[in-house]
Amino acid sequence: MSNPTAFASGKRVPRPRRGSVYRGDAGMWSWVAHRITGVLTFFFLFAHVLDTALVRVSPQAYNTVIETYKNPVVNLFEVGLVAAVLYHALNGIRVMLVDFWASGARYQRMMLWVVVGIWLVLMIPGVYFMLQRTVSVMFGSAS
Amino acid sequence: MATTADDSTQVATAGGTGLPGDLPPVPDGAVMLTVHIQRFNPELDDAPHTESYRVPALPGDRLLNVLHYIKWYIDGTLTFRRSCAHGVCGSDAMRINGRNRLCCKVLIKDLIGDKRNEVTVEPIKGLPLLKDLVVDMEPFFDAYRAVKPYLITYSAEPTREHVQSPADRARFDDTTKCILCAACTTSCPVYWSEDAYVGPAAIVNAHRFIFDSRDEGGRERLEILSDAEGVWRCRTTFNCTEACPRGIQVTQAIQEVKRALMFRRI
């Protein structure tokens with residue numbers, strides 16, 4: 001057993017294992033994710049209003065812009081959008097229950113796992129069907 | 001306890017010379033624990049830094065024993081608050097492995113693992129840092145005082161005592177347990193970024209009187225808490241409930257105050 005010491009300065013001081021990120025309740029991380037998905041959805045809506053407004057410029061301009069969306073990168077964005085909106089919607093219901101249901105605060109963590117569960121159950125087949133066409137076009141055989 | 005046996009003599013000799021005392025014998029069953037402590041001396045340092053110590057500790061020791069060991073035998077300049085050392089006074093709230101805890105209630109056996117015996121100790125967030133693990137608690141107590149945490153009555157005094165049924169007493173039982181350690185308020189992400197927010201502890205102490213059947217100041221307190229920096233700042237992250245060393249359902253209390261405001265019902 002070594003002697004108790006302060007690590008002498010100049011020697012190799014072990015870096016702290018953890019930074020000063022607060023390791024809060026699961027509820028804190030659900031709130032962080034709620035903020036992030038909310039902001040992402042807002043940016044999507046911003047772009048969506050702009051591209052839809054192009055119909056007022058001319059139908060050709062609208063078609064030209066929509067044509068640029070038909071590529072694998074935008075397909076991945078679509079998956080991300082569905083993931084963000086779905087989480088935001090489900091967790092939004094949880095937050096409303098915490099606010100208005102007298103026992104909501106007691107069951108908040110259980111409700112969070114229900115939210116995550118429903119999200120996974122819907123996202124796993126969802127991702128499959130959303131990416132199926134892109135994957136088969138990019139990597140599929142000629143059949 | 002590793003440090004109880006000959007503390008008094010050691011401290012007495014150390015006090016005279018300013019030098020640490022001789023190391024006490026390491027008890028059987030002690031493990032070597034690496035403690036990373038955030039240090040800050042306002043007279044020397046521009047910013048806080050981390051210093052690490054390797055100390056023997058028994059699994060049944062509390063983290064407070066380890067901080068005492070460091071202060072008494074390794075570095076007497078380590079500064080932290082503690083008074084009762086038994087989880088009642090609420091003066092030693094600190095961030096332990098990234099979570100707000102009372103260091104007198106954290107046992108070493110809950111910190112040590114199979115691979116690495118390490119613990120990180122930092123001051124609580126969101127209050128002005130004074131030195132090492134000591135923060136300025138005055139903004140916290142200002143928020144506490146703002147919610148009028150005392151009995152208010154306007155009607156005629158009863159000739160004998162204020163009578164209260166057990167059911168009425170149970171209504172606010174949970175929030176009577178607060179010891180004002182600030183673990184909840186300084187675990188709140190909203191409080192970190194918005195100093196003006198009254199914070200969970202003030203709302204808990206308002207709840208304690210708002211729902212007291214003997215008290216008649218509920219409307220005033222609800223008015224104060226309905227302010228822009230009152231209960232509506234709460235984003236229900238539940239960090240406060242997780243951090244409370246007294247097990248108070250803090251978020252539940254805040255939500256009850258919100259609902260009392262929304263539905264005008266106490």
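**Two chains, step by step**

Modeller: Start with Glu216(B). Leaving out neighbours within four places in sequence, Glu216(B) is in contact with Ile152(B), Thr153(B), Tyr154(B) and Ser155(B). Two residues are in contact if their C-beta atoms, placed from the backbone, lie within 7 Å.

Colleague: Before we go on, what should I know about the model and its labels?

Modeller: This is a predicted model: local features need pLDDT of at least 70, side-chain atom pairs count only at pLDDT 80 or more, and totals for chains, interfaces and linings use all residues. Residues are numbered from 1 along each chain as its sequence is written, while chains are lettered from A and ligands numbered from 1 in the order in which they are written.

Colleague: Back to Glu216(B). How many residues apart in sequence are Glu216(B) and Thr153(B)?

Modeller: They are 63 residues apart in sequence. In space they are 5.0 Å apart, C-alpha to C-alpha.

Colleague: Where is Glu216(B) found?

Modeller: Glu216(B) is in the loop between α6 (199–210) and α7 (218–225) of chain B. Helices (H or I, at least four residues) and strands (E, at least two) are DSSP runs, numbered from the N terminus.

Colleague: Is Glu216(B) buried, exposed or in between?

Modeller: Glu216(B) has 14 other C-beta atoms within 10 Å, so it is partly exposed. A residue is buried if 20 or more other C-beta atoms lie within 10 Å of its own, exposed if 12 or fewer, and partly exposed in between; the C-beta atoms are placed from the backbone.

Colleague: Which residues of α1(A) are buried?

Modeller: They are Gly27(A), Met28(A), Ser30(A), Trp31(A) and Thr37(A). They pack against α3 (72–100) and α4 (108–139) of chain A, and also against α5 (189–193) and α8 (239–243) of chain B.

Colleague: How many residues does α1(A) have, and how far does the helix reach?

Modeller: Helix α1 of chain A covers residues 26–57, which is 32 residues. From first C-alpha to last it reaches 47 Å, close to the 46 Å expected at 1.5 Å a residue. The expected span is 1.5 Å times one less than the number of residues.

Colleague: At what angle do α1(A) and α4(A) cross?

Modeller: Their axes come within 10 Å and cross at roughly 45°. That makes α1(A) oblique to α4(A). Axes are lines fitted to C-alpha atoms, for helices over the stretch in contact, and angles run from 0 to 180 degrees between N-to-C directions. Angles under 35 degrees count as roughly parallel, over 145 as roughly antiparallel, 65 to 115 as roughly perpendicular and the rest as oblique.

Colleague: Which residues make that contact?

Modeller: Ala26(A), Gly27(A) and Ser30(A) of α1(A), with Gln108(A), Arg109(A) and Leu112(A) of α4(A).

Colleague: What about α3(B) and α6(B)?

Modeller: Helix α3 of chain B is residues 138–146, and its axis comes within 8 Å of that of α6(B), crossing at roughly 25°. The two are therefore roughly parallel to each other. Phe140(B), Ala143(B), Tyr144(B) and Ala146(B) in α3(B) meet Gly199(B), Ala201(B), Ala202(B) and Asn205(B) in α6(B).

Colleague: Switching topic. How many residues of chain B are in contact with chain A?

Modeller: 36 residues of chain B are in contact with 26 residues of chain A. On the chain B side, β2(B) gives the most, with 7 residues.
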